[in-house]
Amino acid sequence: MLACGRAPGELADNFAVVAPYAAGKSSFYVEPRKKLIQFVEWVCSDEGRRAGCPTVDPKRIFLFGFSDGATLSVELATTGRFAGGVIAAYGFTGELPALALARLRNLPLWVFHSADDRIFPVSCSDRLVGALRKVNTTDVVRYTRYDRDQEGFTGAVQGHSTGITAARLADTYSWMLSVG
């Protein structure tokens with residue numbers, strides 16, 4: 001979206017998008033968490049700036065995770081290093097441990113999922129949002145739960161496009177600018 005000039009102005013004008021790449025891996029989910037945190041630290045460092053990264057306020061870094069990346073983003077959010085996150089098509093089928101929920105307390109998160117998701121059931125996000133809302137003392141968890149795929153995907157990937165939908169919404173970036 002940024003490269004072809006189709007990004008919402010809120011994104012293009014206010015954010016630096018830094019997206020690590022899991023070379024040779026099927027998913028970021030198999031990447032060691034420590035390595036991903038080290039990447040974020042590098043982006044914020046003088047070395048990162050010398051390599052072309054923009055100056056970053058380490059207190060204003062948001063996670064944006066889609067599919068396996070959504071599950072990973074929730075895990076990374078428990079480190080306390082992030083201002084919040086956008087979680088799209090969350091796929092963890094279990095219950096978050098009490099310690100993880102305590103670490104996520106009052107962290108702004110916006111969760112997106114579609115009820116017709118054929119890859120990860122919407123119940124995963126329903127469970128996450130329910131657990132987060134129980135532990136929060138402020139209203140920091142947003143949940144956008146679509147009935148059907150907003151991008152028109154069909155077949156085996158039907159409903160699994162909420163990462164695209166969330167990335168296209170100017171409101172996503174306006175929300176990030178307003179929290180924290």
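## Terms and basis

A residue is called buried when its relative accessible area is under 20%, exposed when that area is over 50%, and partly exposed in between (1.4 Å probe, protein chains only). Helices (H or I, at least four residues) and strands (E, at least two) are DSSP runs, numbered from the N terminus.

The model is predicted: local features need pLDDT of at least 70 and side-chain atom pairs count only at pLDDT 80 or more, whereas totals for chains, interfaces and linings use all residues. Residues are numbered from 1 along each chain as its sequence is written, and side-chain values use heavy atoms, with hydrogens and water left out.

## Helix H8

Helix H8 spans residues 170-178, and its residues Thr172, Tyr173, Trp175 and Met176 are buried. Viewed down the axis of H8, the buried residues fall within an arc of 155° (taken from the directions from the helix axis to the C-beta atoms), so they line one face of the helix. Asp171 and Ser178 are exposed and sit on the face turned away from the buried side of H8.

## The largest pocket

On a 1 Å grid over the protein atoms alone, a pocket is an open set of points with protein on both sides within 12 Å along at least five of seven lines, and a cavity is a set where a 1.4 Å probe fits but cannot get out; lining residues have an atom within 4 Å of a point. The largest pocket has a volume of about 1200 Å³.

Its lining comprises 39 residues, of which Val17, Val18, Phe62, Leu63 and Phe64 lie nearest the centre. Helix H2 supplies the largest share of this lining, six residues.

## The cavity

The structure holds one cavity of 30 Å³ or more, and the largest cavity has a volume of about 60 Å³. Among the residues lining the largest cavity are Tyr90, Phe92, Glu95, Arg127 and Ala131.

## Annotated span and a loop residue

An unreviewed UniProt entry annotates residues 52-137 as "domain: Phospholipase/carboxylesterase/thioesterase". The end C-alpha atoms of residues 52-137 lie 39 Å apart, and the span is 36% helix and 19% strand.

Gly155 lies in the loop between S4 and H7 and is partly exposed, with a relative accessible area of 32%. The C-alpha atoms of Gly155 and Arg118 are separated by 8.3 Å, with the two residues 37 apart along the chain.

Technical notes
Grid points are joined across faces, edges and corners, and a volume is the space filled by probe spheres set on the points. UniProt positions are given in the numbering used here, feature names are shortened, and annotations may be inferred rather than shown by experiment.
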